[in-house]
Every structure is written in C-alpha cells, then in structure tokens.
Amino acid sequence: MPDSKRYAEDESECTVVLERYNTVLDELFAGADVYVITPLWTTEAEVPRSQAVTGYWQSLLVEDDPDPAFRTYCHLFVARRPWRRGCIDDLLRDIADDKVAGVLITDTRLLRIHHPYDGGADVFLATSEERDRVRERHADWLSRHPLGL
C-alpha cells in the first residue's frame with residue numbers, strides 16, 4: 001500500500017493492492033500455467049471431509065507436540081491454472097483482508113514463487129539478478145522502514 005499502509009480502507013485502495021499484486025504476477029507468470037497452493041491448518045491429521053476432493057496435495061505435521069490436542073497439521077491444496085491477470089482476484093482480496101494466509105503462487109517448475117500477504121508480498125526468484133530487476137522496477141512500492149518491513 002502507499003505510505004507503507006497495511007490494509008486497504010476503501011475500494012480505491014483495494015484496487016491499488018490488486019493492481020500491484022497482478023502487475024508482479026503478470027511479470028512472473030504471463031503466458032504460463034501456475035500452481036496456486038492454499039494451506040489449511042488443523043489439529044487433525046485427517047483432511048476435513050469438506051476439503052478432501054478440492055485439489056488436496058499433501059499434509060504436513062507442523063507442530064509435533066507429545067499431547068495430540070496440541071499437534072498442528074497443514075493440509076495443502078493445489079490448483080493448476082493458466083495465469084491470467086485478475087484470475088485470482090477474489091483470493092488476493094481475501095489475502096489482503098487477512099482472511100486467508102499462507103498462499104503461494106508458483107510456476108510449474110517451482111522456480112518463481114509469489115507469496116502475497118496482508119500488507120504486501122514476498123517474491124522468490126531463481127537468480128539474484130532477476131530479484132534485483134524486479135526490486136528496481138517496483139522500488140517506489142517498497143516500505144520506507146529501514147528494515148524494509
């Protein structure tokens with residue numbers, strides 16, 4: 001967000017957030033298929049029945065507490081789709097509003113990863129040169145905080 005603001009307060013600010021997400025996603029994935037990986041955290045090892053057939057990929061034990069009541073599992077769901085600007089705007093809006101977290105958008109070879117979150121996004125690229133080019137193109141979008149936060 002402009003001025004390092006974390007949440008959009010109106011539709012015009014939400015438009016800015018979506019425009020920025022989509023601009024970078026276009027640069028990374030235009031003309032390619034992407035995986036959209038969405039996590040679901042639970043205290044159960046089993047995938048919730050309501051989610052079991054919607055792109056289930058795998059489950060990970062995140063917190064292996066001796067007490068089963070405190071174990072945490074992350075169930076990952078993946079959808080492959082051709083990247084088109086705006087094709088996941090509903091999901092991106094939910095991420096920006098902190099309703100969904102931990103989503104990754106990646107090319108099918110897992111060389112480029114976009115991790116949007118409320119207040120921004122992390123972008124992981126194959127080379128430091130590519131990273132630097134993306135950073136330079138969008139330098140005016142970066143936080144002014146000394147640590148980049």
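I am working with a predicted model, in which local features need pLDDT of at least 70 and side-chain atom pairs count only at pLDDT 80 or more, while totals for chains, interfaces and linings use all residues. Residues are numbered from 1 along each chain as its sequence is written, and side-chain values use heavy atoms, with hydrogens and water left out.

Entry on aromatic pairs. I counted one aromatic pair, taking rings of Phe, Tyr and Trp (its six-membered ring) to pair if their centres lie within 6.5 Å, with planes under 30 degrees apart called stacked, over 60 edge-to-face and the rest tilted. Tyr-56 and Phe-77 form an edge-to-face pair, because their ring centres are 5.9 Å apart and their planes stand at 70°. The pair joins distant parts of the chain, since Tyr-56 belongs to strand β2 and Phe-77 to strand β3 (residues 72-82), 21 residues apart; strands here are DSSP runs of E, at least two residues long, numbered from the N terminus.

Entry on accessibility. I took buried as under 20% relative accessible area, exposed as over 50% and partly exposed as in between (1.4 Å probe, protein chains only). Phe-77 is buried at 7%, whereas Tyr-56 is partly exposed at 35%.

Entry on Thr-43. I found Thr-43 in the loop between β1 (33-42) and β2, and at 44% relative accessibility Thr-43 counts as partly exposed. Leaving aside neighbours within four places in sequence, Thr-43 contacts (heavy atoms within 4.5 Å) Pro-68, Ala-69, Arg-71 and Tyr-73. From Thr-43 to Val-62 the C-alpha to C-alpha distance is 9.8 Å, across 19 residues in sequence.

How values were computed
Helix = DSSP H or I, 4+ residues; strand = E, 2+ residues; numbered from the N terminus.
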